[in-house]
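Have a look at the model first, then read on.

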Amino acid sequence: MNVPNHVAIILDGNGRWAKSKKMPRTYGHVVGCDNLEKICYMARDLGIKYLTVYAFSTENWKRSRDEIDGLMKLFRRYLKRCIKSSRENEMRVRVIGDTTAFDEDIQESIRVLEDYSKDYDKLHFQIALNYGSRNEIVRAIQKLSKDVKNGKVMEAKITEEVFESYLDTAGIPDPDLLIRTSGEQRLSNYLLWQLAYTEFYFTDVPWPDFNKMELVKAIEQYNSRDRRYGGVKEGTSCSKQD
């Protein structure tokens, strides 16, 4: 089985899953968080090198105060617990998104986790928190514009590669496969730049029920695709014809 180098996942369906169990939405988030830890181990064992998950979007702040408070409590616990899984997985963890919106103790936990895991390379795990792709692109443009103004970057030298170096995902290869759980079939402002040539896989399975069998099923579907970049099949080169 040809395992994709980088898998991105939109973790969808926690609240609906909890509702189907006649439980509060916060219960679904707790179970979904536990499942994320399991998927990290599975991804490592399958040989996936990069795993990027959409955990909390810039739009998620519009949810009820109780749900937001529950999520913040969950983030506090998970970020500290993630140190153990980063050690066991030899997993480097990075958080992408505008983390300045979080309370200082959460920001500090992110800094500690990223520093603790920075030398691991068995699995590169990116967690999107307070992330929105349009917001990421605007922030990248602002940083790039400042460097142009200060003479650090020549405007005429700006390329796609230069711009990518200002994104939250700088240094991380683009995803080969995007998985979205729970039946929705949209990107929801996730990695819009990075998903330009990514294969999409949508499943009705809610995130708390997404297991190794479902992950393998997604990879098998990925293997059945005829991967092409700009009309050129993956692994081939295009030469000018006389």
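C82 is buried, with a relative accessible area of 0%. Keep in mind that this is a predicted model.

C33 counts as buried too, at 10% relative accessibility, since the cut-off for buried is under 20%.

| C33 | C82 | 8.6 Å |

A disulfide needs the two sulfur atoms within 2.5 Å.

Now for the open space. The largest pocket has a volume of about 680 Å³. Its lining is made up of 31 residues, and those closest to the pocket centre are L11, Y54, A55, N60 and R63. Which elements give two or more residues to that lining? They are the helices α1 (14-20), α2 (25-46) and α3 (65-89), plus the strands β2 (50-57) and β4 (123-131). Sorted by class, the lining of the largest pocket has 15 nonpolar residues, along with eight polar and eight charged ones.

What about enclosed space? The structure holds one cavity of 30 Å³ or more, and the largest cavity contains about 30 Å³ of space. Lining the largest cavity are H6, T169, I172, P173, D174, P175, L191 and Q194. By class, that set splits into four nonpolar, three polar and one charged.

Conventions: Residues numbered from 1 in each chain as written. Predicted model: local features only at pLDDT ≥ 70, side-chain atom pairs only at ≥ 80, totals over all residues. Heavy atoms only, no water. Buried < 20%, exposed > 50% of the residue type's maximum accessible area, 1.4 Å probe, protein only. 1 Å grid on protein atoms, 1.4 Å probe; cavity = no way out; pocket = protein on both sides within 12 Å on 5 of 7 lines; lining within 4 Å. Points joined across faces, edges and corners; volume = space filled by probe spheres on them. Helix = DSSP H or I, 4+ residues; strand = E, 2+ residues; numbered from the N terminus. Nonpolar A, V, L, I, M, F, W, Y, C, P; charged D, E, K, R; others polar.
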